[in-house]
Amino acid sequence: SPIKHFFIFLYYLRIIKSVSPDIILSYNIIPVIYGSLASKINRVKIVTAMITGLGAIFSPKNFRDLLIRSVTINLYRISLKNISWIFAQNGYILEVFNRYKISMSEKIVLIAGSGVNIDDFPYTPIKSKNTFLFISRFIKDKGINEFIEAATILKKSWPESRFIVGGWSDGSKGSLSKNEVELLKVNRNIEFIGRVDDVKSIISEATVFVYPSSYNEGTPRTILEALSIGRPIITTSHPG
């Protein structure tokens with residue numbers, strides 16, 4: 001909704017003017033675009049942005065998606081022009097920004113994701129056997145359906161194996177519907193645990209962390225958390 005976005009932009013203008021910060025670091029697409037614009041209008045000295053991933057917008061599936069991508073590219077170009085630095089969480093973001101001339105590469109600093117505190121996610125010996133864990137927002141491109149399909153196949157040969165699904169549907173593009181989430185809850189091939197607050201304990205229970213994503217990620221925190229705890233990962237070679 002253009003009207004909704006206009007009021008978001010006004011909100012950023014107002015709050016940045018009231019705080020009058022010396023430095024701004026924005027992340028996620030709407031704060032990056034409108035936060036950077038509002039910062040420049042308010043003459044913030046140092047304006048930076050972190051691109052945590054490109055999301056579904058840069059994997060268009062129809063004409064509407066192509067139109068939204070075109071608008072997004074132009075908004076990125078305007079908002080990121082002349083800012084101090086852009087922090088990108090993987091090389092694919094740098095490649096895309098260069099391809100669409102969104103920003104000059106010398107302004108882009110590559111970082112290895114947001115990182116995790118290894119003291120908060122300490123190594124834990126594996127105690128379970130054949131327990132596979134998936135945690136994510138329930139966006140189809142993040143691999144929820146592939147995980148369930150694999151669980152259905154493997155349960156036939158290894159009925160004692162466990163397939164745990166944690167996460168939630170936030171209503172964003174490509175998310176599972178409410179009915180699809182309800183079907184997860186009664187699927188006998190998986191153990192549905194819903195939204196997880198204590199991620200560390202759940203990962204520690206697992207043998208393997210599975211994240212079969214084809215989404216344009218930055219660097220997924222759940223993968224970093226699982227690696228910190230000492231779990232092998234099954235994922236894809238998709239960027240991010």
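This is a predicted model: local features need pLDDT of at least 70, side-chain atom pairs count only at pLDDT 80 or more; totals for chains, interfaces and linings use all residues.
Trainee: Is strand 6 largely enclosed or largely open, and how many of its seven residues are buried?

Mentor: Strand 6 covers residues 162-168. A residue counts as buried when its relative accessible area is under 20%. Strand 6 is largely enclosed by the rest of the structure, because the number of its seven residues that are buried is five.

Trainee: What is the bridge partner of Val165 in strand 7?

Mentor: Strand 7, residues 191-194, runs parallel to strand 6, and three bridges join them. The chain reaches strand 7 from strand 6 by way of helix 6, residues 178-186, and this β-α-β crossover is also right-handed. The partner of Val165 in strand 7 is Phe192.

Trainee: Why does Arg137 count as partly exposed?

Mentor: Arg137 lies in strand 5. The partly exposed class lies between the buried limit, under 20%, and the exposed limit, over 50%. Arg137 therefore belongs to that class, as its relative accessibility is 25%.

Trainee: With the side chain of which residue does the side chain of Arg137 make a polar contact at 2.9 Å?

Mentor: Leaving aside neighbours within four places in sequence, Arg137 is in contact with Lys142, Trp168, Asp170, Ser172 and Tyr215. The polar contact at 2.9 Å joins the side chain of Arg137 to that of Asp170.

Terms used
Residues are numbered from 1 along each chain as its sequence is written. Side-chain values use heavy atoms; hydrogens and water are left out. Buried means under 20% relative accessible area, exposed over 50%, partly exposed in between (1.4 Å probe, protein chains only). Helices (H or I, at least four residues) and strands (E, at least two) are DSSP runs, numbered from the N terminus. Two strands pair if DSSP finds at least two bridges between them. A crossover is right-handed if, with the strands pointing away from the viewer, the path from the first strand over the helix to the second runs clockwise. Contact means heavy atoms within 4.5 Å. A polar contact is a pair of N or O atoms within 3.5 Å; within protein, one must be able to donate a hydrogen and the other to accept it, and residues adjacent in sequence count only if both atoms are side-chain atoms.
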